[in-house]
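Visitor: I would like to go through this model term by term. Please show it, then set each value against its definition.

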Amino acid sequence: MFARVRETVNKTIDDNKNELISLSDAIWKEPELCFQEFKAHQLLTDYLEKKGFIVERSYTGVKTAFRATFGSGRPNVCVICEYDALPDIGHACGHNLIAEAGVAAGLGLKAALEACQDGLKGRVTVLGTPAEEGGGGKVLLIENGAFDDVDVAMMVHPAPFNAVFHPFLAMRSYQVTYTGRAAHAAAFPWEGVNALDAAVTAYNSISVLRQQMTPDCRVHGVIKEGGIRPNIIPEKAVMEYYVRASKCSERDHLVKKVIACFEAAAKATGCEVSVKETEKPYDDVVTNSTLGDCYEKNMVELMGDIQWEKDSSKSGSTDMGNVSYKVPSIHVMYSIGTAANHTREFTAVCNTLVAHSATLQFAKGLALTGLDVLTVPGLLESIHSTFVS
């Protein structure tokens, strides 16, 4: 029986291929920044509603979040959509494809529930999560209770490689503002207090600190403001920094050292300094090994031998990490070519047929893994046992 249902899952995704690609391309053509994804929100919710899901727009009060559900009771299998873009370079992280995959997997699981009628209990949730690229949309949704009735959460993410068990770094974000005193830089420089000097001193201090960082740590920043004209001593300088490490505890330990660099630079130059955390902290991703093994098995059945990436140094951060501490989760990376994320080249490839083909294959993996959670005796218990341990 369930062999036929698996075929139904795959066929449903194939049958809706053109609509799913059109949905993704529409999001790609009009990139929207974090918490401003109003057009994507409308496109996705209208489509899911048309397909028979119960749709809750602006879910839990987050204007561009949504929840689309089908079925009832437990288990509740949640597939994640992202759809925000990056400033200036558009969908350079492929969130239009993540939305495509989440909707596709939702359609596949809905078809499975319909095919089984009374023989299969449970629910599929397609959860629209805004503001991954700054803003921590998933963190906000966790705080609002959006994951309280979820049994597993899954998503896929385009990249230049394939990986189920890929590490992601815990991250915190800061804005640092130095305040000095303006003066004529040629006639009366001794009357000034140079805020740009403080920023440059902090930047260089952090560069020196890197020698003592463990290989998994990352600290990187930009100077956003540094003065108005060369003949005016800068009275204000603004920096933005990200601090990352492989675990939350290591991240927080590193943060103390980085803030010490910010404060020492202020003391050295005579400036005042303000250090403000600008976004919700992102936790490292804890991939549920039982759920991940199940997904990997389904992908091998779909695509044969897959080359899985073993290099753990190619790592960023995501608010899916916070979800992985709340419920059993996987965050799968899949290849759409050789271009690296957050480049214009990656943006260009994210609306190609190659990218769409890979997206829909890995979306089938999500749906089939969700079907396993709903049908395989003892699997959900094993997943939760892994999560607790």
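Visitor: What makes β5, β6, β7, β8 and β10 part of the story of the largest pocket?
Guide: β5 (152-159), β6 (170-179), β7 (218-225), β8 (236-245) and β10 (329-335) each give at least two residues to its lining. Strands are DSSP runs of E, at least two residues, and helices are runs of H or I, at least four, numbered from the N terminus. The model is predicted: local features need pLDDT of at least 70, side-chain atom pairs count only at pLDDT 80 or more, and totals for chains, interfaces and linings use all residues. Residues are numbered from 1 along each chain as its sequence is written, and side-chain values use heavy atoms, with hydrogens and water left out.

Visitor: What makes it a pocket, and what is the volume of the largest pocket?
Guide: On a 1 Å grid over the protein atoms alone, a pocket is an open set of points with protein on both sides within 12 Å along at least five of seven lines. Points are joined across faces, edges and corners, and the volume is the space filled by probe spheres set on them. The largest pocket comes to about 990 Å³. Of its 41 lining residues, the closest to the centre are Leu86, Glu133, Tyr242, Arg244 and His342. A lining residue has an atom within 4 Å of a point.

Visitor: How do the residues of that lining divide?
Guide: There are 18 nonpolar, 15 polar and eight charged residues. Ala, Val, Leu, Ile, Met, Phe, Trp, Tyr, Cys and Pro count as nonpolar; Asp, Glu, Lys and Arg count as charged; the others, Gly among them, are polar.

Visitor: How do you know whether the protein chain agrees with a compact globule?
Guide: The globule rule is 2.2 Å times the number of residues to the power 0.38, and the radius of gyration is taken over C-alpha atoms. For 389 residues a compact globule would be near 21 Å; the protein chain has 23 Å, so the two agree. Its C-alpha atoms fill a box of roughly 85 × 40 × 40 Å along the principal axes.

Visitor: What sets Asp88 and Ala131 apart in their backbone?
Guide: Most residues other than glycine have a negative phi, and most peptide bonds are trans. Asp88 has a positive phi of about 75 degrees, and Ala131 has a positive phi of about 60 degrees. Asp88 is in the loop between β3 and α4 (95-116); at 67% relative accessibility, Asp88 is exposed. Ala131 is in the loop between β4 (122-128) and α5 (137-143); at 0%, Ala131 is buried.

Visitor: Which peptide bond is cis, and what is its omega?
Guide: The bond from Arg74 to Pro75 is cis, with omega near 5 degrees. Pro75 lies in the loop between β2 (66-72) and β3 (76-81).

Conventions
1 Å grid on protein atoms, 1.4 Å probe; cavity = no way out; pocket = protein on both sides within 12 Å on 5 of 7 lines; lining within 4 Å. Buried < 20%, exposed > 50% of the residue type's maximum accessible area, 1.4 Å probe, protein only.
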